[in-house]
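The sequence and the structure are shown first.

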2 protein chains.
Amino acid sequence: MAAVQKVPDIVVGRLPVYLRALQVMAAEGREITSSQELGERLGISSAQIRKDLSYFGTFGKQGTGYRIPDLIEHLRRILKVDRTWDMILIGAGNLGHALAQYQGFTPRGFRLVAIFDNDPEKIGRPIGPHVIQDVQELPEFVRAHRVQIAMIAVPASAAQQVADLCVEAGIRAILNYAPIHLKVPKRILVQYIDPAIHLQQMTYYLGNEG
Amino acid sequence: MAAVQKVPDIVVGRLPVYLRALQVMAAEGREITSSQELGERLGISSAQIRKDLSYFGTFGKQGTGYRIPDLIEHLRRILKVDRTWDMILIGAGNLGHALAQYQGFTPRGFRLVAIFDNDPEKIGRPIGPHVIQDVQELPEFVRAHRVQIAMIAVPASAAQQVADLCVEAGIRAILNYAPIHLKVPKRILVQYIDPAIHLQQMTYYLGNEG
């Protein structure tokens with residue numbers, strides 16, 4: 001790893017956004033794009049995009065832009081979503097059911113392999129192609145299947161306890177839907193799905209005109 | 001507005017993240033913080049945080065840091081969430097039910113005022129404190145109540161049509177949960193809730209060790 005330059009987290013954070021925009025362009029039947037066009041779509045400067053990509057080598061040619069399928073492949077490899085990652089879900093409420101049916105995971109590199117809940121009324125019931133399992137079986141499942149990613153969709157009051165259980169079982173990355181800040185060891189990755197963050201990014205502009 | 005410097009979108013995008021971190025600190029009983037501490041919590045450089053905040057005036061004093069309650073108040077005013085924004089929700093499926101019960105909106109400046117669906121089986125049924133309304137009533141409701149924000153939680157196949165209806169009715173900001181890219185006029189603000197983006201930000205790091 002000595003030769004690899006450490007990439008700032010904030011740069012890594014933008015790569016999936018570039019990938020999504022490129023995949024939208026590909027779906028539109030496009031083959032070539034430029035940092036200018038990408039930048040305009042995303043509200044990011046073209047210089048920033050070129051700088052971000054330069055951490056990972058040379059993409060595209062001066063003046064001819066990027067070949068979209070190639071850049072998609074590069075980004076998928078960089079983000080390690082040129083493979084499929086198994087995930088578990090904890091919480092089989094309304095949100096859990098929505099996530100179990102979500103069509104956006106598979107094409108982006110993720111596969112839900114098990115769903116857990118602690119409610120005896122729910123355990124054993126079908127949810128999409130799965131059967132809801134007792135959360136007490138989570139540690140064994142995670143170890144047996146070497147799952148690294150968990151999505152937490154339980155009420156806020158239960159989320160920390162569930163996170164602790166996941167970490168203890170060997171989960172290394174958590175996508176948290178509960179509206180609380182999780183306390184986990186530094187080595188554990190956590191991302192938050194937080195609609196209020198996105199709403200507040202819009203009210204800034206609404207307020208300017210309203 | 002002539003005297004106000006245009007703030008880059010990417011800076012605006014970070015303000016709600018700062019606000020959330022400060023509110024977590026406040027909940028922990030903290031009164032003072034620094035750009036260093038905030039930066040460490042968020043994986044953003046302290047220089048970046050100071051620069052972002054400098055667009056909006058002078059906060060804190062050299063060497064003494066920021067008073068957390070003051071900075072929270074400033075950010076709430078800048079983001080215009082020192083008031084409450086009415087929102088509508090379209091889609092009363094599992095995700096819609098989860099959003100209707102979500103506890104994270106009210107403390108952050110948002111209030112759900114109506115829920116719409118096009119399914120005759122669902123229209124008229126209660127959902128939390130609301131009754132599901134026919135989506136055909138959306139335009140009149142939006143105009144009568146001057147609602148500016150809509151959350152779209154319908155299947156991908158219906159999302160563009162719903163977005164068109166919202167824009168036509170006068171909605172100015174859309175939070176889209178459907179896994180598709182919406183085509184809307186430039187003046188309309190759109191944010192996407194996209195779990196795959198967050199998952200891909202983590203696999204980059206998982207892959208490095210896995």
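Axes are lines fitted to C-alpha atoms, for helices over the stretch in contact, and angles run from 0 to 180 degrees between N-to-C directions. Two packed helices are described by the angle between their axes and the distance between those axes. The structure discussed here is a predicted model.

**Helix packing**

| Helix pair | Angle | Axis distance |
|---|---|---|
| Helix 5 (residues 94-101) of chain A and helix 5 (residues 94-101) of chain B | about 145° | 7 Å |
| Helix 6 (residues 138-145) of chain B and helix 7 (residues 156-169) of chain B | roughly 35° | within 9 Å |

Helix 5 of chain A and helix 5 of chain B cross in a left-handed manner. Chain A contributes A:Asn94, A:Leu95, A:His97, A:Ala98 and A:Gln101 to this contact, and chain B contributes B:Asn94, B:Leu95, B:His97, B:Ala98 and B:Gln101. Four of the residues in the contact between helix 5 of chain A and helix 5 of chain B are nonpolar and six are polar, with no charged residue.

Within chain B, the crossing of helix 6 and helix 7 is right-handed. The contact of helix 6 with helix 7 of chain B comprises six nonpolar residues, two charged residues and no polar ones.

**The interface of chain B and chain A**

In the contact between the chains, 60 residues of chain B touch 60 residues of chain A. Together the two chains bury about 6100 Å², of which 66% lies on carbon and sulfur atoms. On the side of chain B, the residues that lose the most area to chain A are B:Gln200, B:Tyr204 and B:Leu206, which together account for 12% of what that side buries.

Four salt bridges are found across the interface of chain B and chain A. A salt bridge also joins the side chains of B:Arg108 and A:Asp194, at 2.9 Å from N to O.

Several elements of chain B each supply at least two residues to the side that touches chain A: helix 1 (9-27), strand 3 (85-90), helix 5, strand 9 (173-176), strand 10 (189-192) and helix 8 (195-209). Helix 8 of chain B gives the most, with 15 residues. By type, the side of chain B that touches chain A consists of 36 nonpolar, 16 polar and eight charged residues.

Methods. Residues numbered from 1 in each chain as written. Chains lettered and ligands numbered in written order. Predicted model: local features only at pLDDT ≥ 70, side-chain atom pairs only at ≥ 80, totals over all residues. Heavy atoms only, no water. Helix = DSSP H or I, 4+ residues; strand = E, 2+ residues; numbered from the N terminus. Left-handed = near helix turned anticlockwise from the far one by under 90°. Contact = heavy atoms within 4.5 Å. Nonpolar A, V, L, I, M, F, W, Y, C, P; charged D, E, K, R; others polar. Buried area = accessible area lost by both parts, 1.4 Å probe.
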